[in-house]
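Look at the model below. This report walks through its chains, sheets and helices.

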Amino acid sequence: MGSAMLRLENVDMSYGPGREALRDIDLALQPGGFVFLMGPSASGKTSLLRLLGLALMPSAGRYSLFHRDVAELAPIELCGLRRRIGMVFQDLRLLDHLSAFDNIALPLRINGGQDAQIGGVVAEMMGWLGLAELREAAPSDLSMAQRQLVGVARAVIARPGLLLCDEPTSHVDDKLARRVMHLFGQLSKLGSMIVLATHDHDLVERHRYPILRMSRGRLTRPAELAAAIAAPLAAAV
Amino acid sequence: MLRDRLDLPLAQTAPGRVLPWLTGGVVYVAVVMLAIAIMADRALLSLEDRAHLLTVTLPLADDADVGAALDILYQDRAVLAAAPLSDEELAALMTPWLGETGAGDLPWPAMIDVRLDPRAEPDLAALQDALGGVVAGAMLAIDTGATDRAGQIAALVRGWSGGLLAVALSAGLLAIGAITRLSLRLCREAVELLRHMGASPGYQAAQLERHALAWGFYGAAAGFGLALLTVAALLYNSRRIAIASTIELGLRPLDWALLAGLAATILLLAVAVVRATAYRQLQQAR
């Protein structure tokens with residue numbers, strides 16, 4: 001557990017007085033760690049993902065990411081840490097005024113990438129996901145499946161150290177879901193930590209990654225999972 | 001392809017589209033007001049200069065009388081120069097009243113234009129007496145009343161136009177700041193998304209800055225063009241009013257350059273206000 005790149009210790013998080021969303025969360029992930037996050041609606045999965053993604057801060061406890069205590073970071077350091085996180089949002093959050101290509105290129109642009117370099121990387125990713133023909137298409141012109149693939153591509157394009165996915169395969173067919181999961185698996189092999197929230201039991205059964213279960217803002221089986229989570233990819237297919 | 005689109009949908013929001021109009025409006029008002037202030041300032045200088053000119057009229061004088069009057073004038077230390085008007089200059093002066101044919105039939109007085117040292121305080125009464133002593137009926141004329149009134153008007157116009165310039169500029173920049181805050185509010189989802197991706201306040205502020213520069217440029221150019229047309233119309237019409245016959249109301253090449261410089265400065269100020277406002281606003285979110 002000593003080399004965990006992501007560690008939550010007794011973390012609480014609330015949206016305000018009386019609006020507690022997460023309670024007493026303990027979690028550790030090593031580089032290459034891949035876990036499913038399951039639980040009923042409103043159990044706190046999205047809140048946990050937002051906390052892990054540094055969109056929200058703990059109201060109690062300690063969260064360290066990439067060996068940095070996030071509570072002690074200056075705003076500009078937080079920006080640097082966020083650039084190492086990829087996020088597939090449940091509601092996709094594509095920017096409608098940008099093309100599919102420009103949406104996918106966003107993280108690279110924010111990272112200060114050069115246009116020529118970005119162009120090649122994004123084109124390769126779009127080709128791999130079968131989006132090559134949709135380079136200039138606006139998100140509003142895409143099907144839900146295509147939009148979800150654009151959201152996935154945007155999350156992984158900068159090869160993040162931590163990838164957070166909220167129902168990343170909910171709109172794609174089985175074949176595309178396998179392709180997306182293969183992509184995540186490859187990323188995990190390269191050392192990225194992946195937390196994937198889903199309701200899809202078939203998806204979870206097909207891939208033997210550890211499962212975190214959430215209920216009423218708590219991780220219900222943290223002790224049982226500790227060893228599995230700590231071992232990078234040990235249980236992966 | 002990558003750089004010609006902004007990550008924030010600023011051009012899709014109403015405040016984002018208002019920005020060029022606002023910039024253009026501020027540029028228009030400021031340039032016109034500055035042009036008026038410059039013209040008024042030039043008129044004031046011209047009037048102050050004119051206050052140091054006077055005319056000596058010698059009725060029924062011959063060349064000897066004119067020579068004697070010149071001697072008297074040059075004895076006064078306040079007189080820098082004295083020059084008799086030629087027959088052609090006298091004819092030009094009389095023609096408006098007497099007509100082309102009538103002007104030649106009358107005996108004309110001799111007239112001498114006198115330039116006084118602005119730093120000296122001439123004793124005009126003593127000079128009048130001395131001139132009267134050598135040429136009977138000699139008169140000194142200085143229309144101080146008219147120049148004083150014109151000077152007051154010019155000073156008032158200069159003050160008001162300068163004040164209006166300052167007010168328009170301040171109000172415009174404040175409005176641009178408010179529009180920037182509103183734009184950020186309307187683009188909140190995109191701003192949040194970029195923040196989650198690690199975009200720093202500086203990165204996002206630069207997006208607004210680029211938008212302000214690109215769109216504001218068109219607005220400023222249009223405002224400046226319209227202002228130039230207005231100033232040209234003002235100059236054209238000023239030639240018709242009475243005061244223009246006695247003072248200079250034109251703009252020199254340097255003045256036109258100053259007007260262009262003001263337009264460019266306002267555009268840069270607007271861009272700086274947008275960036276500073278956005279940066280401050282974005283910094284507040286952790």
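What follows is a short tour of the contacts, sheets and helix packing.

This is a predicted model, in which local features need pLDDT of at least 70, side-chain atom pairs count only at pLDDT 80 or more, and totals for chains, interfaces and linings use all residues. Residues are numbered from 1 along each chain as its sequence is written, while chains are lettered from A and ligands numbered from 1 in the order in which they are written.

**Where the chains meet**

Start with the interface. On chain A, 22 residues are in contact with 16 residues of chain B. Two residues are in contact if their C-beta atoms, placed from the backbone, lie within 7 Å. Helix 2 (75-82), helix 3 (100-110) and helix 4 (115-128) of chain A each give at least two residues to the side that touches chain B. Helices (H or I, at least four residues) and strands (E, at least two) are DSSP runs, numbered from the N terminus. By class, that side of chain A has 13 nonpolar, 3 polar and 6 charged residues. Ala, Val, Leu, Ile, Met, Phe, Trp, Tyr, Cys and Pro count as nonpolar, Asp, Glu, Lys and Arg as charged, and the others, Gly among them, as polar.

Two packed helices are described by the angle between their axes and the distance between the axes. Axes are lines fitted to C-alpha atoms, for helices over the stretch in contact, and angles run from 0 to 180 degrees between N-to-C directions. Here are two pairs.

| Helix pair (chain A) | Angle | Axis distance |
|---|---|---|
| Helix 3 and helix 5 | roughly 25 degrees | within 7 Å |
| Helix 3 and helix 4 | about 130 degrees | 10 Å |

Helix 3 and helix 4 of chain A are oblique to each other. The cut-offs are these: under 35 degrees is roughly parallel, over 145 roughly antiparallel, 65 to 115 roughly perpendicular and the rest oblique.

Which residues of helix 3 of chain A meet helix 5 of chain A? They are Ala100(A), Asn103(A), Ile104(A), Leu106(A) and Pro107(A), and they meet Val150(A), Ala153(A) and Arg154(A) in helix 5 of chain A. This contact has 6 nonpolar, 1 polar and 1 charged residues.

Against helix 4 of chain A, helix 3 of chain A uses Phe101(A), Ile104(A), Ala105(A), Leu108(A) and Arg109(A). Helix 4 of chain A answers with Ile118(A), Val121(A), Val122(A), Met125(A) and Met126(A). The residues of this contact divide into 9 nonpolar, no polar and 1 charged.

**The sheet of chain A**

Chain A has an open sheet of 6 strands in the order 6-7-8-3-9-10, with mixed pairing. Two strands pair if DSSP finds at least two bridges between them. Strand 6 (85-88) and strand 10 (218-219) of chain A are the edge strands, each pairing on one side only. Strand 6 of chain A runs parallel to strand 7 (residues 162-166) of chain A, over 4 bridges. Val88(A) stands opposite Cys165(A) in strand 7 of chain A. Helix 5 (residues 144-156) of chain A lies across strand 6 and strand 7, at about 170 degrees to strand 6 of chain A.

**Chain B**

Chain B is assigned domain 1 (10-47 + 147-283) and domain 2 (52-141). Such bounds come from an automatic or database domain assignment. The C-alpha centres of these two domains of chain B lie 50 Å apart.

Chain B also has an open sheet of 4 strands, ordered 2-3-1-4, with antiparallel pairing. Strand 2 (79-84) and strand 4 (139-141) of chain B each have a single partner strand, so one side of each is left without a neighbour in the sheet. Strand 1 (residues 53-58) and strand 3 (residues 110-116) of chain B run antiparallel, joined by 6 bridges. Thr55(B) has Asp113(B) in strand 3 of chain B as its bridge partner.
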